[in-house]
Amino acid sequence: MSLPPLVEPVDALSDAERIRTARHRSLIPLGELGQRRLRAAHVAIMGAGGLGSPVVLALAAAGVGTLTVIDDDDVELTNLQRQIVHRMSDVGRPKVDSAVRAAADLSPETVVVPVREHLTRENGVELLRGADLVIDGTDTFETREAVAAATEALGLPLVWGTVQSFDAQVTVFWSQPPAGAAPVRLSDVYPPGSVGELPTCAMVGVLGALCMQVGSLLAIEAVKLITGIGEPLLGRMLVIDGLRGRQSEVAIRAATATANTAPAATPALAAPIPHVDAIPAGALVVDVREPHETALGTIPGARLIPLAGLLEDPGSLRGSPPVVVVCQAGVRARRAAQALREAGVEASVLAGGMDAWTSLERSTA
């Protein structure tokens with residue numbers, strides 16, 4: 001459903017800004033009014049990394065008036081594969097400095113407020129106060145929960161996205177949406193304590209181009225909310241499978257309905273994938289790591305099928321004994337097990353992956 005615009009427009013654009021954003025002004029239903037709303041808007045961007053980088057570029061180019069960029073990290077060489085706001089010359093320097101420079105190069109009238117701090121539950125409300133909406137591109141769930149808590153306290157919409165390996169999710173959370181829209185919070189999708197410690201990009205990798213795609217989607221959601229056009233992803237989660245080129249949508253709703261909550265569809269969430277701590281007798285072990293990983297060792301008797309190959313034809317294992325999938329830490333194995341189960345194959349995941357198996361072998365040696 002459409003929502004009313006978040007901000008009142010500025011009275012007029014400068015002549016230079018009118019020329020720079022001319023293609024927006026001719027875009028129906030955004031138009032000049034929408035462009036003036038963008039000029040009046042203040043967006044807080046959590047993180048200047050894989051997702052925050054394209055968001056900064058897209059929103060500065062779009063003519064958003066004020067961007068507050070919150071990140072306490074310095075640029076590392078390994079960031080440059082996906083964090084496109086930074087350059088080789090930025091390595092060792094604060095990430096927020098790159099955001100300031102890049103935005104100024106695109107949109108001289110956009111004000112970028114760099115905040116080199118780590119957002120926590122204690123300082124979140126203060127750091128986000130004054131923004132019209134928040135975009136979360138952080139990479140730890142502890143920080144995501146802190147950002148969500150602050151936006152709920154302030155009543156701000158939270159444009160939320162996550163990328164891991166070849167997979168991504170994008171949605172909008174809002175605890176106090178306009179009348180007629182149902183509130184949805186991060187805790188409705190991920191209850192406190194349900195996620196645990198997520199693997200880092202260094203452990204499972206991340207496709208740089210997918211970060212750019214998801215960052216663009218986050219920026220589009222922000223533009224829609226600011227200008228009141230289109231249908232924001234409030235109550236819907238976009239799920240992206242980059243490896244297979246597929247996008248799907250999951251309906252989400254508040255975990256506890258209230259009298260003020262409009263009815264929403266029940267989330268079509270997948271059934272939990274079973275995990276095992278030991279390999280059952282007679283099970284087929286399938287190792288979905290890449291050849292350069294399995295060359296360093298694997299479980300004796302395991303069948304080596306890299307994840308991409310398994311996802312191309314999970315049904316090829318129909319008729320096999322029960323499958324136990326293993327990867328390095330568990331993320332790829334869960335994805336493989338889900339695909340196998342959807343193809344009618346009984347599959348579970350070895351909890352902790354090769355890391356846990358290797359530790360156990362060493363302790364019993």
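## Helix α4, mostly tucked away

Let's start with α4: 8 of its 11 residues are buried, so this helix is largely enclosed by the rest of the structure. Buried here means under 20% relative accessible area, with exposed meaning over 50% and partly exposed in between (1.4 Å probe, protein chains only). The buried residues are Gly 52, Ser 53, Pro 54, Val 55, Val 56, Leu 59, Ala 60 and Ala 62. Helices (H or I, at least four residues) and strands (E, at least two) are DSSP runs, numbered from the N terminus.

A word on the model itself: it is predicted, so local features need pLDDT of at least 70 and side-chain atom pairs count only at pLDDT 80 or more, while totals for chains, interfaces and linings use all residues. Residues are numbered from 1 along each chain as its sequence is written, and side-chain values use heavy atoms, with hydrogens and water left out.

Helix α5 covers residues 95–106, which is 12 residues. From first C-alpha to last it reaches 17 Å, close to the 16 Å expected at 1.5 Å a residue (the expected span is 1.5 Å times one less than the number of residues). Which residues of α5 are buried? They are Lys 95, Val 96, Ser 98, Ala 99, Ala 102 and Ala 103. These residues cover an arc of only 150° around the axis, which puts them on the same side of α5; the arc is that of the directions from the helix axis to the C-beta atoms. As background, an α-helix has 3.6 residues a turn, so residues three or four places apart point the same way.

What covers the buried residues of α5 includes α4 (52–62), β2 (66–70) and β3 (111–115). Contact here means heavy atoms within 4.5 Å.

## A hairpin and an open sheet

Strands β7 (residues 236–241) and β8 (residues 246–251) pair in the antiparallel sense over 6 bridges. Two strands count as paired if DSSP finds at least two bridges between them. Arg 236 has Ala 251 in β8 as its bridge partner. The two strands, β7 and β8, form a hairpin with 4 residues between them, and Gly 245 in the turn has a positive phi of about 65°.

Elsewhere there's an open sheet of 5 strands with parallel pairing, in the order β9-β13-β12-β10-β11. At the edges stand β9 (275–276) and β11 (303–304), each with a single partner strand, so one side of each has no neighbour in the sheet. β9 and strand β13 (residues 347–350) run parallel and are joined by 2 bridges, with His 275 standing opposite Val 349 in β13.

## Salt bridges across the chain

A search of the whole structure finds 13 salt bridges, each being a side-chain nitrogen of Lys or Arg within 4 Å of a carboxyl oxygen of Asp or Glu. One of them joins Glu 109 and Arg 39, with the closest N and O atoms 3.7 Å apart. That pair links distant parts of the chain, 70 residues apart: Glu 109 is in the loop between α5 and β3, and Arg 39 is in helix α3 (residues 31–40). Glu 109 is partly exposed at 26% relative accessibility, and Arg 39 is partly exposed at 25%.

Now for Arg 335. Its side chain meets that of Asp 241 in a salt bridge (2.6 Å, N to O). Asp 241 lies in strand β7 and Arg 335 in helix α13, so the pair ties together parts that are 94 residues apart in sequence. Both Asp 241 and Arg 335 are buried. Salt bridges that share partners join Asp 167, Asp 241, Arg 244 and Arg 335 into one network. In the bridge between Asp 167 and Arg 335, the closest N and O atoms are 3.4 Å apart. Here Asp 167 in strand β6 (residues 167–173) is linked to Arg 335 in helix α13 (residues 331–342), 168 residues away.

## Aromatic rings

The structure holds 3 aromatic pairs. Rings of Phe, Tyr and Trp (its six-membered ring) pair if their centres lie within 6.5 Å; planes under 30 degrees apart count as stacked, over 60 as edge-to-face and the rest as tilted. Phe 141 and Tyr 190 have ring centres 5.4 Å apart and planes at 75°, so this pair is edge-to-face. Trp 160 and Phe 173 also form an edge-to-face pair, 5.6 Å centre to centre with 70° between the planes. Trp 160 sits in strand β5 (residues 158–164) and Phe 173 in strand β6, 13 residues apart, and both Trp 160 and Phe 173 are buried. Ring pairs link Phe 141, Trp 160, Phe 173 and Tyr 190 into a cluster.
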